[in-house]
Amino acid sequence: IGTIFFEGRDDAAFAKAAYIRCEATENWTGTSNGSRLLFYTNENTTDDPNFKVCIDDSGYLGVNVASPASMLEVPSSSTYIGKFFNNRDAADTHGLWMQMGADNGTGTTYYINAKDGNGDTIGYLQNASGTFSAHDPSDIRLKENVTDTVINGLDKINAMKIRDFKW
C-alpha cells in the first residue's frame with residue numbers, strides 16, 4: 001500500500017536508516033480494506049534495515065514477529081525478555097495491573113503461567129472460584145520411587161491448635 005522511508009546522509013550519499021511499510025492483509029473491496037504496519041530499523045554498524053515490529057489487522061503487536069498470534073508477542077533469546085522499572089520513590093508506587101476473568105470471580109483464571117524451555121508448566125498465579133494462589137504443580141510422571149509416607153498426617157492435623165478470633 002505504501003512505505004515511508006527515513007534516510008540520512010554521510011559524506012558520500014543518502015542511506016536508508018529505517019522505514020514503515022503498510023501492507024494489505026486481504027483482497028480489498030469497497031468494504032474490506034484490512035492492513036498491517038511493519039517497522040524496519042538499522043542496527044548499529046549495519047546499513048540495511050531489518051524487520052522489528054508488526055501491528056497486524058487485529059491490532060496484535062509483534063516484536064520481531066511478523067504475524068503475532070496474541071495481543072502481544074515478544075520472543076527473545078536474551079536473559080530477560082522484558083523489564084518494568086518504576087523508580088518513583090514513593091510508597092504508592094506499583095508494578096503491573098492485570099484485570100481478567102469472570103466479573104464475579106467464578107471459574108479459574110490464570111494470570112501468569114510459568115513454563116520451562118520445553119513449554120511444560122512449572123507454576124502459575126491463578127484465581128480459582130475466588131481464591132487467589134501461587135501454584136507449583138507436582139507431576140507424578142516426573143518422580144521416581146514414589147511410596148506411601150510413614151508420617152501419620154491425621155496425628156499432625158489433630159495436634160494443631162485451632163483458634164477463633166475477631167479483628
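Rings of Phe, Tyr and Trp (for Trp, the six-membered ring) pair up if their centres lie within 6.5 Å; planes under 30 degrees apart make the pair stacked, over 60 edge-to-face, and the rest tilted. With that in hand, here's a cluster to look for: Phe-5, Tyr-19, Tyr-40 and Phe-51 belong to one aromatic cluster.

Before going on, a word on what you're looking at. This is a predicted model, where local features need pLDDT of at least 70 and side-chain atom pairs count only at pLDDT 80 or more, while totals for chains, interfaces and linings use all residues. Residues are numbered from 1 along each chain as its sequence is written, and side-chain values use heavy atoms, with hydrogens and water left out.

**The sheet**

Helices (H or I, at least four residues) and strands (E, at least two) are DSSP runs, numbered from the N terminus. Two strands pair if DSSP finds at least two bridges between them. Here, 6 strands make an open sheet with mixed pairing, in the order β1-β2-β3-β4-β5-β6. At the edges you'll find β1 (2-9) and β6 (72-73), each pairing on one side only. In general, strands of a sheet pair through backbone hydrogen bonds, either parallel or antiparallel. Take β4 (residues 50-55) and β5 (residues 61-63): they run antiparallel and are joined by 3 bridges. Val-53, for instance, has Val-63 in β5 as its bridge partner.

The pairing rule gives 6 aromatic pairs. In one of them, the planes of Phe-5 and Tyr-19 are at 45° and the ring centres are 5.4 Å apart, so the pair is tilted. Phe-5 sits in strand β1 and Tyr-19 in strand β2 (residues 14-24), so this pair ties together parts 14 residues apart in sequence.

How covered up are these two? Buried means under 20% relative accessible area, exposed means over 50%, and partly exposed is in between (1.4 Å probe, protein chains only). Phe-5 is partly exposed at 41%, whereas Tyr-19 is buried at 11%.

Another pair, Tyr-110 and Tyr-124, is edge-to-face, with 4.9 Å from centre to centre and 85° between the planes. Tyr-110 is in strand β7 (residues 108-115) and Tyr-124 in strand β8 (residues 121-128), 14 residues apart. Tyr-110 is partly exposed at 44%, but Tyr-124 is buried at 17%.

**Charge over ring**

A charge sits over a ring if NZ of Lys or CZ of Arg is within 6 Å of the ring centre and within 35 degrees of the ring normal. Here are two cases:

| Charged residue | Ring | Distance to ring centre |
|---|---|---|
| Arg-9 | Phe-14 | 5.3 Å |
| Lys-83 | Phe-85 | 5.2 Å |
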